[in-house]
Structure formats: C-alpha cells, structure tokens
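The sequence and structure are shown first, and the description follows.

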Amino acid sequence: MELRSFNNQVHPTPDYPSPYGSQHSLRLRTVPAQDTSAVQFDWASPPEDPEDAEDSNEPRNLRELPLHMGLKRAVWQVQQMRVPVVSSSWNIKQSQTFRRFCEVAKYVLTYFILWKRGIQRIGGHFGGGVQSYFLFLRFLVILNFLSSLLIAAFVLIPSIVFRSMNSMSNSTTPTVNLTDIDICLQYDPKPDTLMVFFTYFLDLVSGTGFMEYSYLFYGYYNNSMIESKGFSYNIPLAYLLTAAFYFLFCFICMIIRMGGTARVAVVTGGGAAGGYSILVFTGWDHGLQGGRATKLKQNNFRYRLQVDLEEERLKKKAASLTLGQTVSLYALRVVLNIVVLILIGATFYGIAQATQFSQSEQTTGFKGLLLQYLPSMVITASNFVVPLLCDKIALLEKYSPSTTVILALLRAVFLRLVSLGVLLYTLWEQITCKGEIDSEKCTPCKYYYDEYKCWETRVGQEMYKLTLFDFLITIATLILVEFPRRIVVDHCSCKPAQWVGRQEFLVAPNVLALVYSQTVVWTGALFCPLLPFINTIKFILFYYCKKITLFQNCQPATRNFRSTTSNFFFLLVLLFGWMLASVVLLYSVAKIHPSYGCGPFRFYPTMWEVVPESVKMLNSTSAEFLLYVGSQNFSIPLFIFSCVLLCYVSALTSVHGKSVALLKSQCKLEQHDKQFLVRQIEEINATMLKEQREPQQPQRETEPFFHTATRWNQHDNYAFDPDEDPRPY
C-alpha cells in the first residue's frame, strides 16, 4: 500500500520561490497531477546513466529521491525485475562473470596479505595511530624483500653459478698496466681453517674473518665477463646497474605510496570549517575492542580538544603581547636554538672523533670488538640522549603543542640522518687522504691502502655493524627495560611506580627509527649486497617483538602526533634518507678510485667507467643510440619537455587546489545556512508554543504570521509554513 500510494502521488521540486503559493508546508505540499513540470517516478525504469541524466527528461535517479532506505531498496528490486532483455545479453553475462571473477580474486588475495589479521587486531585494540606504524613496517619489509630478489637474481645467483661451474676459465678481464701498483693488489682476507668458537662469534658480529670473504660483502665478487657458447654476462656491469635499479625501484615505490597519502591528506587536510564537529562526530575509531582501548581513545579525544583550545589560547596571547614581550620571547628562542645547535654540533664532533679512533686502532679480541663498535655506540647513544634534551628545551620556547611536536621531530630527523652523513664523511676523508690523492699515503693506489686494502668492504662492514647494533639494542631494551618496568608497575602499588606507569608506545619516534634503519641499508647496499635481505629478517623480527611489547608492556600514547599529514611526513623523511644514500652512491661511483685487490671494479679508474667500456663492445647501431641518449642533443630537449610538463602539472595542481578551497568555502557557507535555519526553527517553535499557551484573541484583519516571519532573502521560506496538509505523505 505504501508503494502504491507513493507511486500515485506526485512530488514537487524543492525550488524557491514556489509557483504554487504558500498554503502548504514543504514536506506535505502537493501539486495538481496535470502539471508536467513536477518530478515523477517510473517504477519500471532502470537506474539511468549519470552521463545521460543531464541531457534527458526522464525521471530522476533513485539516489536523488527523498526516500528512506527501505523504500529505495524496494524500488530497486522492482527495477531489477523489469529490466528488458536485449540482444547483447551474452556480453552482459560475460561482463558480469568477469566482474564476479575479479571480486573473488580480490577476496582470495586478501588472505595472502602479510600480517593482515595481526595488524587488524592491533588497530582494534590500540587505534589507527599505532596501526599506522605497523603498516609502515610492513611496507618496508615488502620493499626490502623485493629488493633482495632483484639483487639475488642479477648479482648473487649468477656469481654463485659461475663460480660453482668453474666458468672463470672462459672469462675475460680488462687489460691494464699494473706497473708500480703491485703493492695495491695484496689483499687476502681468508681466515684460518682452525678457529675457536669465540673467534667465529667475533667475526659474525663484526663482519670480519669468514664473513668478510663471502658473498655478503663487495670484495668477494669477481670482475670477469663470462662468455660461453654465445652467451655473455658482464658481472661488473650487472653489479652497478642492479644497484642503480635498486635505488630507482625504491624511489618509485615511495612516490606511489606518497601519492596515495597525499590524496588523503588533501581530502582530510586542515583549514576546513567545523574542525571540532569533524573530530567529535567522525573521529571515532569503530574498530576498537574492549573498555581499556575505548577509554584510551576517549582520553586521546580529550587531549586533542585540549590541544586545539590551548593553541587558540596561545594565539590570542601572542596577539596581545607588547613589543618588549615579543622581542624577549624571540630572543629566548634564538638563545635556545643556539644551545640546540651546540648540542648537535658536539654530537657530530664526537661521532667524527670516535670514527677516526676506531679506524686507527688495530686491536684483536673483545677490546677490538668494542673499538669496532665504538662509532655505532656513539651514534645510538646520541640518538637517544640528544632528542630528550631537545624536547626539554622545546618546552621552554613556548610554542603551541603541535608546533612543539613537529619541531622536536624535525630536530630528531636532522640528528639521525646527519650523524650518519658525518660517519660517512669521516670515512671518505680517511680513504681519500682528505681529498689529496697525490699525497704520500695515497701513492700509488690513489687511496689510503695501508688502512683500507679493500675500502668498499670496510664501508660495508660499518653499515653491517650499524644494522646489527640497532637490532641488538632493540632486543636489549625489550628484555632489560620494558619487561621489568611492566612487572614493577603491575605488582608494586607504591606511588612512584604508579606515577611512572607502563611505557607509552610513541608512534613518531618508532617510525623515525625505522627510517634511520632503512637509510643505513640504502647507504650500504652498494658495498654489502645482502644487506637488504638482512634488513628484511630484522624488520620481520621487529614486527613480532614490537607486537609482543605492545600487548604485554606498553600502552598507547595519550598524546599522539596530531596531524592528518603524519603518514606523508614520515614518507617524506624516508625520501630524505634515500637522497642521502643516493649522494653516497653517486660519490662512490664517480669520484673514488676502486680498490685494486678486490671487487668487480678493481682495474677501472672509477666504477662508472664500466658503463662506457660496455657500450663500446656493442654493435655500432646500439652504441650510437646510447651515445645519442647520453648526449646534449637528447638531454636538453628532454629537460625542456620535463620543465613544460612540470609547469603543466603545477598549474593543474593550482587549479585543483583552488577548486578544493572553493568547495571548502561552500561547505562553510552551508554550515552557516544550516545554523541560520536551526535558529529560525527554534524561534518559530518558541513563537508557536507561546501563542498556544496564550488565550485565543479575536483575529485581526492583518497579514498572517507566516507571511511576514518566514520571509528570508526576499523570498518566502515554505519549510516553516504553519499549515499542514491533512492527507498522508
């Protein structure tokens, strides 16, 4: 009966002003059936194509009708039963079958997503903020695993196969003049056959001994080009191009992920009207499970509101400062920033001195192990102590809470990445004799041979020790700090223990630790090809260790990184780490002379020299094409085209940004309109209640109330007419 009555009834369009007068309310007004301008609904018509909706006079789409969901579902079912059978039914069935197959395939592939249920459980108990850390960790695990497959396919497996098949007899090596450089060819890291277990352990953790003479490091790979039965494989060229494609692959993956997070950041970015309403009505995480997680989320909401109010208070206070107070505040901030720079500079100086002392001392045993790990220990200690001091100093600068958090993160990022750069710069200074390759120490090998017989392997060992030491520190912190702290807090009722509480899981510092670890891997990938595989295993163990400590020892932080662009910020920091590693790669490939006694580039003046030598071995057509691609005739037009394309994309982005700003302003105006309408409804309801309570007075021959009180913007507002049609809707 409801469907029949709705089909027989005709509904007006909600345009203002109405041509049918103001005798009925908007919800209950009807118009004569003979009017063809009214919108009607045909039950038998299928949902129309949105592209043809504007150019046709057919009934409106089902989504546009003011019906509740139950009635819309019933209308849709009637439409599906009355869809006409066309001649291309076979194509429709094929498309439906293909669509169902795609849906089933996507559903099946969800079972192969790494750690899907575990990450969903983490998000359900601790919210989306903590879940974002584990999603970022999973992204790095997959990135390192795919990079390991790339390196294994083009460098590791061919080297193992050619060495095991003893194919080096059919190999060719570049012919160079070895006069006066016989001393540079002496490099024999092969360990003794009989060794005690303690020596094996020292070699394992330091990358020396049997670890140094293995596929783990640069020095073990050969410099030959394999030729057998019409097949040739240039190992030095494959080694260099694999490293280049590895960096390019990581860059593409980061850009794709940053594009997705940037779109989310633009859609949910700040500056939109009604920030408090969005937080209260749409900010709840419905995946939370348990009362503890719910209470933590409520506390997080309360803190975010407090932060917003505190920022508004600080803005008003900053606007009311006098000139003298403003000058004193900025002077205080300048002094505190100088103190922070002094701390960071002292850290860099300590890292440089520790690196020089570690490289100059030659000691065996446990003392030698400590000396080898001295730069790693100084870097780890500085990354722990200096950010804590910077956080305390940031509280004295009297910034807003969000600005304080962002400033602390930027200082921590700068400290971590630049400390790694200081370590590498110190190594380059010692390897190249401070850039003076013609000095006595660097003659005749053009690098400091006495200390660095295979300098590429030494750099790879430093990156290997940094990766391993970071993992050991994480495990030691879990066992020696977090577990005892949880036991003391749970079993001790004293006030100091309860005041300290369980350790909070801070998302931002943990993500920055992952970024630092990945930057170390990128830096050492050229000198330690298996480092991405080691980092894959390390991050997998990180996942399970962090998951255990999260559920057993930690609680979510009540003060999270309050920014909708946090994921984009973390990826941007990761991109900075990639740029640092790229600078190291380019400098090593183009500037420093390779070691004569080890590695695939031992007889080349630079690592890059293998590329033009390989191009000369091609046929004339291929060589001319590659030379043209590398010449100015191709690079200059490509640069101009890239600039034009960049300008076009920038203009398109500007237009889209203006469109987004216009839509946001329209949303703000709509909110103001709704607030105005709500106030109008409240005033009319109050007036009507007041009239009902007063005794009825004889009617005056004046204009009715709703003809004067309901006028808005020179038009009648029919939504507030007091008359109602007694007929049912």
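In which loop does threonine 208 lie? Threonine 208 is found in the loop between helix 5 (197–206) and strand 2 (225–228); helices (H or I, at least four residues) and strands (E, at least two) are DSSP runs, numbered from the N terminus. The side chains of threonine 208 and serine 206 are joined by a polar contact of 2.9 Å. A polar contact is a pair of N or O atoms within 3.5 Å; within protein, one must be able to donate a hydrogen and the other to accept it, and residues adjacent in sequence count only if both atoms are side-chain atoms. With neighbours within four places in sequence left aside, threonine 208 is in contact with Leu202, Asp203, Gln372 and Gln461, contact meaning heavy atoms within 4.5 Å.

The model is predicted: local features need pLDDT of at least 70 and side-chain atom pairs count only at pLDDT 80 or more, while totals for chains, interfaces and linings use all residues. Residues are numbered from 1 along each chain as its sequence is written, and side-chain values use heavy atoms, with hydrogens and water left out.

**Overall features**

The protein has 21 helices and seven strands. Of its 729 residues, 38% count as buried; buried means under 20% relative accessible area, exposed over 50%, and partly exposed in between (1.4 Å probe, protein chains only). The accessible surface comes to about 44000 Å², and 62% of that surface belongs to carbon and sulfur atoms. Such areas come from the Shrake-Rupley method with a 1.4 Å probe; for residues, only the protein chains shown count as cover. Among contacts with a separation of 6 or more, 76% are between residues 24 or more positions apart.

**Nonpolar core**

The largest nonpolar core holds 113 residues, of which Phe134, Trp428, Trp455, Trp522 and Leu574 touch the most other members. Helix 4 (residues 116–164) supplies the largest share of this core, 16 residues. A nonpolar core is a set of buried Ala, Val, Leu, Ile, Met, Phe, Trp, Tyr and Cys residues joined through side-chain atoms within 4.5 Å. Beyond its neighbours within four places in sequence, leucine 574 is in contact with Phe136, Phe139, Leu140, Met254, Val515, Gln518 and Trp522.

**Cysteines and the disulfide**

One disulfide is found in the whole structure, a disulfide being a pair of cysteine sulfur atoms within 2.5 Å. Cysteine 454 and cysteine 598 form this link, with their sulfur atoms 1.9 Å apart. The two cysteines join distant parts of the chain, 144 residues apart: cysteine 454 is in the loop between helix 12 (401–431) and helix 13 (455–491), and cysteine 598 is in the loop between helix 17 and helix 18. The link is right-handed, with 95° about the S-S bond.

| Cysteine | Relative accessible area | Class |
|---|---|---|
| Cysteine 454 | 3% | buried |
| Cysteine 598 | 0% | buried |
| Cysteine 253 | 19% | buried |
| Cysteine 494 | 33% | partly exposed |

Threonine 606 is placed in the loop between helix 17 (566–590) and helix 18 (610–616). Threonine 606 counts as buried because its relative accessible area is 17%. Not counting residues up to four places away in sequence, threonine 606 touches Val589, Ala590, Lys591, Ile592 and Pro594.

Helix 11 (residues 374–396) has 23 residues. Its buried residues include Pro375, Ile379, Val386 and Cys390. Just after helix 11, lysine 398 takes a positive phi of about 60°.

Conventions. Expected span 1.5 Å × (residues − 1).
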